[in-house]
Amino acid sequence: MAEDVSPPWDGVVASESIATREGQRMLPQLKGVVWERSGADVQIVYDFRDSFIVTDHDGSVEALLDLLREGGRTPETLARALSDRCGRDVPVDDVLAAIETFDGHGLLENGARLGRLGDSATGRYYSNLAFFESFATLARSREDFQERLTRSHVLVLGTGGLNSNTIPHLCGLGVGRLTVTDRDVVEPRNFARQYLYRWDDVGKSKVERAAAWVRAFDPSIDVRSVEASIDGVADVLRLLDVAGPDVVLSGVDSPDGIDDWVNTACVVRGIPYVRAGIWVTQGIVWSVDPGNSACRACARTMANQSRDAASGDAAVAFTAADLFRTKPRSNRGIGPVAGLLGSLSAFEVLRYLTRFEPPAYAGNPLEIDFAAGCAMRTTAWQRQDECECANPQTNSSPRTEAIVGS
């Protein structure tokens, strides 16, 4: 939708901070923006879903856009260059106001924080950087997002159906460090959905083969394999304390209670936790952001309260769920199911690591109906004030720090 705005320097007072951004050198640079003049109006477009129109009687807006596209100028030198092009004095405060307007529309990033990765890394992360451009601002460049990923560490619990799909995504994103755990060996039945493995791997340790895949894919990724069982909260805490991850990604379905153990341990340590799974024809992706979102224990409390109050059809639904749990387990996770759930999980991990946008499924599970065209809906958990997730022992703020590089 096009939006009409006044000229950016028409009586607007910019904040002082935009010139320095907390001491950073500021070289405002235009993203991949296009514009077109129609009479006195200039329509400016970055994403085709959004555009805005500026009235530009004297051509000063277009002149500033040209200068910003060239990049390499501070607000002060922009003001001098714009004054020369316009044939009149343009105060730096007016330029700062225009920069603030453009930044508010997502059109700028700080050129002083670009070009630091080098040719090799820029080529390796070409598509990543193009994606992050859309979310970059003067405060955080696309390279800041990528550098945050290369400094990140994810603990991956299980290398089966879900995580054999998420691990390649994490590697492609450039997550710098992975700790992967599993206790099983590769079996023929895995090949319907687990694409990390090859037929020659049958009978070999999954976690070792998964780590070997990572090393072959990108030798710069620091990957550690841990062959271990998880039989209680203490085992999860031990893994967290040794690994020290930024995020936990779990795809382990057994033994019963493991989701609760991981939830408890992550809440205690203040570490975000991402999980996905499938029940017959329904998939789910959820996460826990300790100190900020409801957790699995909150969901259990809600379910117990609903069960106690249930009658009629609701009571029948609870009975059906109880009967379902008595069935022998059968893994129905075909490749497209594991791939979809794995992609959504990896996206949620990406949100936690970079905060390019808030976590989408934190205490807000996404449900996917594979018997209804993969229809999706979210159903929020209600946070329980008495739950430990409301006050985790380790505050999660170090993992949500501003990602501007040092």
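**Exercise 1. Where is Cys374 found, and is Cys374 buried or exposed, or in between?**

Before we start, note that this is a predicted model, in which local features need pLDDT of at least 70, side-chain atom pairs count only at pLDDT 80 or more, and totals for chains, interfaces and linings use all residues. Residues are numbered from 1 along each chain as its sequence is written, and side-chain values use heavy atoms, leaving out hydrogens and water.

Step 1: Cys374 is found in the loop between strand 13 and strand 14 (375-378). Helices (H or I, at least four residues) and strands (E, at least two) are DSSP runs, numbered from the N terminus.

Step 2: With 34% relative accessibility, Cys374 counts as partly exposed. Buried means under 20% relative accessible area, exposed over 50%, and partly exposed in between (1.4 Å probe, protein chains only).

Step 3: Though not a glycine, Cys374 has a positive phi of about 60 degrees.

**Exercise 2. Describe the place, phi and burial of Arg355**.

Step 1: Look in the loop between helix 14 (335-354) and strand 13 for Arg355.

Step 2: Its phi is near 55 degrees, a positive value in a residue other than glycine.

Step 3: Arg355 has 19% relative accessibility, so it counts as buried.

**Exercise 3. Find the partners of strand 12 and say why strand 12 is largely enclosed**.

Step 1: Strand 11 (residues 273-279) runs antiparallel to strand 12, with seven bridges joining them. Two strands pair if DSSP finds at least two bridges between them.

Step 2: Four bridges join strand 12 to strand 13 (residues 366-369), again antiparallel.

Step 3: Strand 12 (residues 282-288) is largely enclosed by the rest of the structure because six of its seven residues are buried.
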